[in-house]
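Subject: Structure handover

Hi,

Here is the structure we talked about. Please open it and keep it beside you as you read on.

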Amino acid sequence: MSKWRNAKAFCSWLGLCPGNKISGAKVLDRRTCKVINRVATTLRLAAQAVGRSNTCLGIFYRRKKAHLGPAKATTATARKLACLVYHLLKYKDQYREPDPVTYQLKVQKTILNKLQKQAAALGYQLLPTALVPA
């Protein structure tokens, strides 16, 4: 893994990073590069498979799929998998799966903080409400 200086360079070599072509502050193209790489294809297939699982990567894939669409979600998850593979191979660590419930709570907390900042910027304040049983 010493061929690549970091995980970003590894993902770029695989063609899993966006190719931001900008000229004069105008974005010309944001698509990923067309790279024919068996590892990238395998990671994309793995990303689609992990999207159907109840893991943190599956939660990430489904969230990105709802936001960006299936193609970009597959590429984003494949990039995340590539970063994991790079880290595991370079530092010879074991993979420790995070708890999906903890991950989901972290995502919800992040969304809540973002909403509170947006409300404060507009001059509003969010107040918690008690849940009413249905």
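Helix α5 covers residues 100-121, 22 residues in total. At 1.5 Å a residue (the expected span is 1.5 Å times one less than the number of residues), α5 should span 32 Å, and its end C-alpha atoms are 32 Å apart, which agrees. Helices here are DSSP runs of H or I, at least four residues, and strands are runs of E, at least two, both numbered from the N terminus.

This is a predicted model: local features need pLDDT of at least 70, side-chain atom pairs need 80 or more, and totals for chains, interfaces and linings use all residues. Residues are numbered from 1 along each chain as its sequence is written, and side-chain values use heavy atoms, without hydrogens or water.

Which residues of α5 are buried? They are Y103, V107 and A119 (buried means under 20% relative accessible area, exposed over 50%, partly exposed in between, with a 1.4 Å probe and protein chains only). They pack against α3 (56-68), with contact meaning heavy atoms within 4.5 Å. The face turned away from the buried side carries exposed residues, including K106, K109 and K117. After α5 comes G123, with a positive phi near 90°.

Now the strands. β1 (residues 21-23) and β2 (residues 26-29) run antiparallel, joined by three bridges; pairing takes at least two DSSP bridges. S23 stands opposite K26.

Finally, F10 touches M1, W4, A82 and Y86, leaving out residues up to four places away in sequence.

Best wishes
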